[in-house]
Amino acid sequence: MELVWNVVLLLVGFVLLIKGADYFVDGAVGIAERFHIPQIVIGLTIVAFGTSAPEAAISIVAGIKGSADLSVGNVLGSNIMNILLILGLTACIRPLKVQKNTVRYEMPFLIGISVLLAAMGYLEQQLTLSSGLILWGVFLCFFVYLIAQAKKGNGEEEEESGGKKSVWLILLMTVGGLAAIVIGSQLTVDNASAIATAMGMTERLIGLTIVAFGTSLPELITSVTAARKGNADIAIGNIIGSNTFNILFVLGTTALITVVPYQRAFLLDGIIGIAAAVFLMVATARKKELRRWAGVVMLLAYAGYFVHLLMG
């Protein structure tokens, strides 16, 4: 009976994380628009943080509570799932357009930081304060690059989300959403750990599967919905940004707060994450489009990886 209760609370935690991130993003965008912050800057900062808020909350809380395997597993599992499962499924629905800069700069950058994370974790078997500082330093450089890219484009302003809402409603959405994220992360970490212990599963396995899927639900819903509505061209950029944010900000921040043990077993997951990013770049380099055949290959690859996790 206790295990059933843990599963129920885990699902409640996921709901709070997903809806909390949704309300937090809407509220934060509304506040930013009130202060006339450019929409592109909002998207690159507040919205990027909002979509990765579940991963950030769970990883940081897990690290503080001594369940750091859940922290690393959550990020690596989410990144693999974002590319192979979410983009694979979305590409099967509709081919995805991709910007030149994404193929030339942002995809290689994601591959580079994925290699950096795997190297630091494998060589030191932990992410320390120095690791956190390195990841955060790279994150700041990436942020400067994004701002520079944003200034090159035509930043057409849209004033929809915040302009028609009262200031108090916007503040309530922001604070309430953030509170839901915090509470949801606590429920998710505590009950995921309890389920793992009860079923004899390792925190690495449950982080790479159950928790990773729960925290990737916002990206999954957003990407599939965008594809069905004919806005599939935004999906790849969003996933690349989310994965980059997960490595640099989420794990970087966790490492600044506490030492994060990095199991040797995570090296394989890191390599799979790198291979997924490399395949994505190769598949889109020529036509600047992720086609259905590539989506099928990615889904099959994730199915194989998932079976490996369950059998291992």
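Modeller: One term before we start: contact means heavy atoms within 4.5 Å. This is a predicted model, so local features need pLDDT of at least 70 and side-chain atom pairs count only at pLDDT 80 or more, while totals for chains, interfaces and linings use all residues. Residues are numbered from 1 along each chain as its sequence is written, and side-chain values use heavy atoms, with hydrogens and water left out.

Biologist: Thanks! What is threonine 102 in contact with, leaving aside neighbours within four places in sequence?
Modeller: Its partners are Met107, Pro108, Ile236 and Ile240. Threonine 102 sits in helix H4. Helices here are DSSP runs of H or I with at least four residues, strands are runs of E with at least two, and both are numbered from the N terminus.

Biologist: And is threonine 102 buried or exposed?
Modeller: Buried, with a relative accessible area of 6%. The cut-offs are under 20% relative accessible area for buried, over 50% for exposed and partly exposed in between, using a 1.4 Å probe and protein chains only.

Biologist: Zooming out, how many helices and strands does the chain have?
Modeller: There are 10 helices and four strands. From the N terminus on, they run α-α-α-β-α-β-α-α-α-α-β-α-β-α. Of the 312 residues, 50% count as buried.

Biologist: What share of the contacts with a separation of 6 or more comes from residues 24 or more positions apart?
Modeller: Those residues account for 85% of them.

Biologist: Where does leucine 17 lie?
Modeller: In helix H1, residues 2-34. Leucine 17 counts as buried, at 1% relative accessibility. Beyond four places in sequence, leucine 17 has contacts that include Pro54, Ala57, Ile58 and Thr188.

Biologist: New topic: how many residues are in the largest nonpolar core?
Modeller: That core has 55 residues, and Ile83, Leu87, Ile236, Ile247, Leu280 and Leu290 have the most contacts inside it. A nonpolar core is a set of buried Ala, Val, Leu, Ile, Met, Phe, Trp, Tyr and Cys residues joined through side-chain atoms within 4.5 Å. Elements giving two or more residues to this core include helix H3 (68-93), helix H4 (100-124), helix H9 (266-285) and helix H10 (292-311). Apart from it lies another core of 18 residues, among them Ala53, Ala57, Leu70 and Val189.

Biologist: What does leucine 280 touch, not counting residues up to four places away in sequence?
Modeller: Leucine 280 touches Ile83, Leu87, Met107, Ile240, Leu290 and Met298.

Biologist: And at what angle do H4 and H9 pack?
Modeller: At about 170°, with their axes 9 Å apart. Axes are lines fitted to C-alpha atoms, for helices over the stretch in contact, and angles run from 0 to 180 degrees between N-to-C directions. H4 and H9 are therefore roughly antiparallel to each other; angles under 35 degrees count as roughly parallel, over 145 as roughly antiparallel, 65 to 115 as roughly perpendicular and the rest as oblique.

Biologist: How about H9 and H10?
Modeller: That pair packs at about 175°, with axes 11 Å apart, so H9 and H10 are also roughly antiparallel to each other. Residues making the contact include Phe279 and Leu280 of H9, and Trp293 and Met298 of H10.
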